[in-house]
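User: I am new to this structure. Please show me how to read its main features.

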Amino acid sequence: MNMDFYMPARLVSGELCVKTGGNIFKSYGSKCLIVTGGRSAKISGALHAVLSVLSEKDISYSIYSEIAENPTVTSCRIGGEKAREQNADFIIGIGGGSPLDAAKAVAIFAANKEFRNEDIYKRSIPAKALPVLLIGTTSGTGSEVTGVSVLTDDAVNMKKSISGEDCYANVAFLNPRFTDTMPLTVTISTGLDALSHTVEGWFSPKRSDIAKSFGTLALGQIFGQLTDIYKYDKLPNKKGRDALFYGSIYSGLSLNITGASFAHTLGYVLTEDFGISHGRACTAFMPFLIKRAGEFCKNRLDEMLNILGTDEDSFLEIVKGLTNIRLNISAEEIEKYCERWDNKNKNFINSPGGFTVSDVRLALKSLSE
Ligand SMILES: [Fe+2]
């Protein structure tokens with residue numbers, strides 16, 4: 001057995017985990033900066049729960065709620081300045097993938113006063129970072145359990161990820177009740193992101209036994225709920241919310257081992273240039289990914305469909321129905337995109353059968369089929 005498993009974040013879960021977690025918060029200090037996107041942190045009740053526990057434990061705080069979807073490096077650098085101004089001991093991230101990923105970057109900028117925007121992408125020396133505590137309000141990102149943060153480099157308007165030891169949370173509080181107020185569109189989009197993480201990991205050459213175990217746990221929970229949403233066009237009940245939320249955590253645990261495939265790399269383009277939400281942008285390439293899996297790792301495809309109790313056509317009908325994207329990208333535009341990558345892209349290598357720039361052409365073309 002080849003095992004290399006590292007996931008240093010402490011996970012505490014349950015409906016009362018924030019309320020009863022006061023001593024955990026206090027163990028990180030007496031001043032903190034809360035990083036949020038504004039809306040979901042409030043509506044979900046997560047911000048309220050955090051503020052109650054901070055006041056109970058006499059922890060002072062400021063709130064930095066300037067994090068937009070696909071957070072820019074600049075917004076994170078400014079957050080880092082705020083944390084330093086306040087002498088924050090630690091950072092709390094509350095929200096969906098964007099605020100959680102931003103909280104990690106804010107913690108790095110806070111601890112590295114000299115960092116300019118571009119320095120966050122220089123990963124040769126592991127950066128220092130303030131401790132990060134995360135509270136998710138969606139069921140997709142997996143950021144709670146991955147050593148990754150995806151940021152938009154606003155100098156070039158491109159989504160680029162950073163990863164490493166300094167990109168892990170210290171603690172993630174997992175309470176599925178904070179996802180209850182997610183509207184249908186966000187539930188679908190984030191659920192598709194979690195599905196994509198799981199399926200991309202399933203076919204990854206880096207899939208280990210432990211990644212397969214997490215993937216198996218994630219697959220049924222996520223796909224079962226997405227199937228019901230597709231069939232009945234309504235929000236999941238409480239049990240369904242639990243399944244989607246914990247499914248997304250298992251999916252993140254799998255992703256943290258396997259990494260993503262070409263679908264995430266190409267998906268970034270659909271978000272940047274066509275405004276398509278991250279999850280749908282990734283599953284837009286699911287038919288192409290499944291086709292490649294059928295060619296290069298048919299056993300794993302059969303194994304996955306067997307776990308899901310479905311066949312390829314039915315699986316793709318649901319994914320395509322929920323993703324609902326048709327794009328005609330011109331041949332010239334496709335050629336322009338191809339200049340962006342080379343065959344050594346780590347997510348391309350991490351795809352079934354490998355993936356080359358020639359395959360990018362076919363994958364982008366497939367969006368109009
Ligand atoms: Fe993702």
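User: Among contacts between residues at least 6 apart in sequence, what percentage join residues at least 24 apart?

Analyst: Start with the word contact: two residues are in contact if their C-beta atoms, placed from the backbone, lie within 7 Å. In this protein, 80% of the contacts between residues at least 6 apart in sequence join residues at least 24 apart. Keep in mind that this is a predicted model: local features need pLDDT of at least 70, side-chain atom pairs count only at pLDDT 80 or more, and totals for chains, interfaces and linings use all residues. Residues are numbered from 1 along each chain as its sequence is written.

User: How many helices and strands does the protein have?

Analyst: Helices (H or I, at least four residues) and strands (E, at least two) are DSSP runs, numbered from the N terminus. The protein has 16 helices and eight strands.

User: What share of the residues is buried?

Analyst: Count neighbours. A residue is buried if 20 or more other C-beta atoms lie within 10 Å of its own, exposed if 12 or fewer, and partly exposed in between; C-beta atoms are placed from the backbone. Here 49% of the 369 residues are buried.

User: Which domains does the assignment give?

Analyst: Domain bounds come from an automatic or database domain assignment. For this protein it gives domain 1 (10–178) and domain 2 (183–368). Their centres, taken over C-alpha atoms, are 26 Å apart. The contact between them takes 16 residues from domain 1 and 22 residues from domain 2.

User: What kinds of residues make up the side of domain 1 that touches domain 2?

Analyst: Sort them by type. Ala, Val, Leu, Ile, Met, Phe, Trp, Tyr, Cys and Pro count as nonpolar, Asp, Glu, Lys and Arg as charged, and the others, Gly among them, as polar. On this side of domain 1, four residues are nonpolar, 10 are polar and two are charged.

User: How many residues are in the largest nonpolar core?

Analyst: A nonpolar core is a set of buried Ala, Val, Leu, Ile, Met, Phe, Trp, Tyr and Cys residues joined through C-beta atoms within 7 Å. The largest one has 101 residues, and V35, V50, I91 and V106 have the most contacts inside it. Helix 5 (residues 97–111) gives this core its largest share, nine residues. Domain 1 (10–178) and domain 2 (183–368) each supply at least three residues to the core.

User: What does V106 touch, leaving aside neighbours within four places in sequence?

Analyst: V106 is in contact with V35, C76, G79, G80, A83 and I91, with those neighbours left aside.

User: Which residues of helix 16 are buried?

Analyst: In helix 16 (residues 357–365), V360, A363 and L364 are buried. They lie on the same side of the helix, because they cover an arc of only 95 degrees around the axis. The arc is that of the directions from the helix axis to the C-beta atoms. The buried residues of helix 16 pack against helix 9 (262–274), helix 11 (286–296) and helix 14 (331–338).

User: And which residues of helix 11 are buried?

Analyst: M286, F288, L289, I290, R292 and A293 are buried in helix 11. The partners of these buried residues include helix 6, helix 9 and helix 16.

User: Where is M182, and is it buried or exposed?

Analyst: M182 sits in the loop between strand 8 (171–174) and helix 6 (184–202). M182 is buried, with 26 other C-beta atoms within 10 Å. Leaving aside neighbours within four places in sequence, M182 is in contact with T138 and T187.

User: What is phi of D58 near?

Analyst: Phi of D58 is near 60 degrees, a positive value in a residue other than glycine. D58 lies in the loop between helix 3 (46–56) and strand 3 (60–64). D58 is exposed, with 9 other C-beta atoms within 10 Å.
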